Amino acid sequence: MSLAVNETPNGNGDGGRPALLPDRYPTPDLFICDVLDAIPKDDMASMEHPIFSLATKPDRRVFRYEHNGNTVEIVPSVKGLATIHDKDILIYCISQLIAKMNQGEKPSRTLHLTARDLLVWTNRQTDGDGYDRLRSAFERLAGTRITTNIKADGEEITEGFGLINEWRIVRQTRSGQMSEIKVTLSEWLFKMIEGRSVLTLHRDYFRLRKPLERRIYELARKHCGAQEKWSISAEVLQKKTGASSHMRVFRSMLRDLVAHDHLPDYAVEMNGNTVTFRNREALGAAEAIEPEPERPFIDPEGFHDAKSVAPGYDVYGLYDEWVSWWNDSGRPELKSPRAAFVGFCRNRHKRSPLR
């Protein structure tokens, strides 16, 4: 998908602006802290495959992507394709549902959202323009149609659907701005949530200005995960981002990302045609005698056992899911982190064996 026209390489962002957006709500409203405390979660399918446009202007192209047997065809509405910034709404919905599931509640495809909470949680402005952009995002998400054979919770079904089935403004303010919104997620996305096919995002994801940077972070989060590093060729990386810019421009943007070093969780390196992402936490832990206490340590044999009980799965992705679940559960004491992780992988495979 096309990159924004004004997304030119510049070490300090366009026009000398900081690469990261400001943290607009460092001290959140206490009345909505329960909403804001939900940990950002993203579905693994759209992290792996380029479903959202990287354009900042209406993108009305039909986009088709094929990789390793997976196919995605995305058809826009007259409003254009859903953008990666529009995806903030889905991340918000996924995060709220996972938080409720962690509290023992049964998730529902239909959510009632408070517009201001959504804007604050995703680090967006709450002025009139912020509400207008939010409405446009809902229109693009509902209008964009996808046909894919990507598995949803272990099932491979070729089907067509919208990113959200429907949305409706339930209540407005006196000024005419949306206040309460009702949104129904697609069955495909809801299956991802029910199967917990999600990964945790760093909150600074919402501070990344450029669409390409958000997309690259998603890929690093999905493929590098808790590993020390992950390498990929520039050509394959460009394909997986969905960027349609010339390779020369794409490389220049990568060099800008390397120079500024502002990507959450991962440092980026370029060596010829190879792009390497290094886990910042792993880099810090390398200097310590003991592993970081926030992430239970699993030795290589543990990952080997995990592969044996969950064939076909990305065990490093499962490790991220397991750590997220452990953190969300209040970090209970683990007598044997290795045994607990292997058991988690075994249960995932039993529930959704990969064919």
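Residues are numbered from 1 along each chain as its sequence is written. Because the model is predicted, local features need pLDDT of at least 70 and side-chain atom pairs count only at pLDDT 80 or more, while totals for chains, interfaces and linings use all residues; side-chain values use heavy atoms, with hydrogens and water left out.

**Whole chain**

Of the 355 residues, 50% are buried, where buried means under 20% relative accessible area, exposed over 50%, and partly exposed in between, with a 1.4 Å probe and protein chains only. Among contacts in the chain with a separation of 6 or more, 69% link residues 24 or more positions apart; a contact means heavy atoms within 4.5 Å.

**Sheet 4-8-7**

Select 110-114, which is strand 4, along with strand 7 (164-172) and strand 8 (178-185). These strands make an open sheet in the order 4-8-7 with antiparallel pairing; strands count as paired if DSSP finds at least two bridges between them. Strand 4 and strand 7 are the edge strands, each pairing on one side only. From one strand to the next the twist averages 20°.

Zoom in on strands 7 and 8, which are joined by seven bridges. Trp167 is opposite Val183, and Glu166 has Thr184 as its bridge partner. Five residues lie between the two strands of this hairpin, and Gly176 has a positive phi near 95°.

Axes are lines fitted to C-alpha atoms, for helices over the stretch in contact, and angles run from 0 to 180 degrees between N-to-C directions.

**Sheet 10-12-11**

Select 229-233 and 266-271, strands 10 and 11, together with 274-279, strand 12. They form an open, antiparallel sheet of three strands in the order 10-12-11. Strands 10 and 11 each have a single partner strand, so one side of each is left without a neighbour in the sheet. The twist here averages 20° from one strand to the next.

Strand 10 is joined to strand 12 by five bridges, and Ile232 has Val275 in strand 12 as its bridge partner. Show 247-260 next: helix 9 packs on the sheet, touching strand 11 and strand 12, with its direction at about 130° to that of strand 11.

Not counting residues up to four places away in sequence, its contacts include Ile216, Cys224, Trp230, Ile232, Leu237 and Tyr266.

**Leu219 and Thr241**

Select 211-223, helix 7, and find Leu219 in it. Leu219 is buried because its relative accessible area is 0%. Leaving aside neighbours within four places in sequence, Leu219 contacts residues including Met47, Glu48, Trp230, Leu237 and Thr241. Leu219 and Leu237 are 18 residues apart in sequence, with 8.5 Å between their C-alpha atoms.

Move to Thr241 in helix 8 (234-241). Thr241 also counts as buried, at 0% relative accessibility. Its side chain reaches the backbone nitrogen of Ala243 at 3.1 Å. Beyond neighbours within four places in sequence, Thr241 is in contact with Pro50, Leu54, Leu212, Arg215, Ile216, Leu219 and Phe250.

**Cysteines**

Finish by selecting Cys93 and Cys224. Cys93 is buried at 0% relative accessibility, and Cys224 is buried with a relative accessible area of 0%. How many disulfides are there? The count is zero, a disulfide being a pair of cysteine sulfur atoms within 2.5 Å.

Methods. Helix = DSSP H or I, 4+ residues; strand = E, 2+ residues; numbered from the N terminus. Polar contact = N/O pair within 3.5 Å; in protein donor to acceptor, adjacent residues only side chain to side chain.
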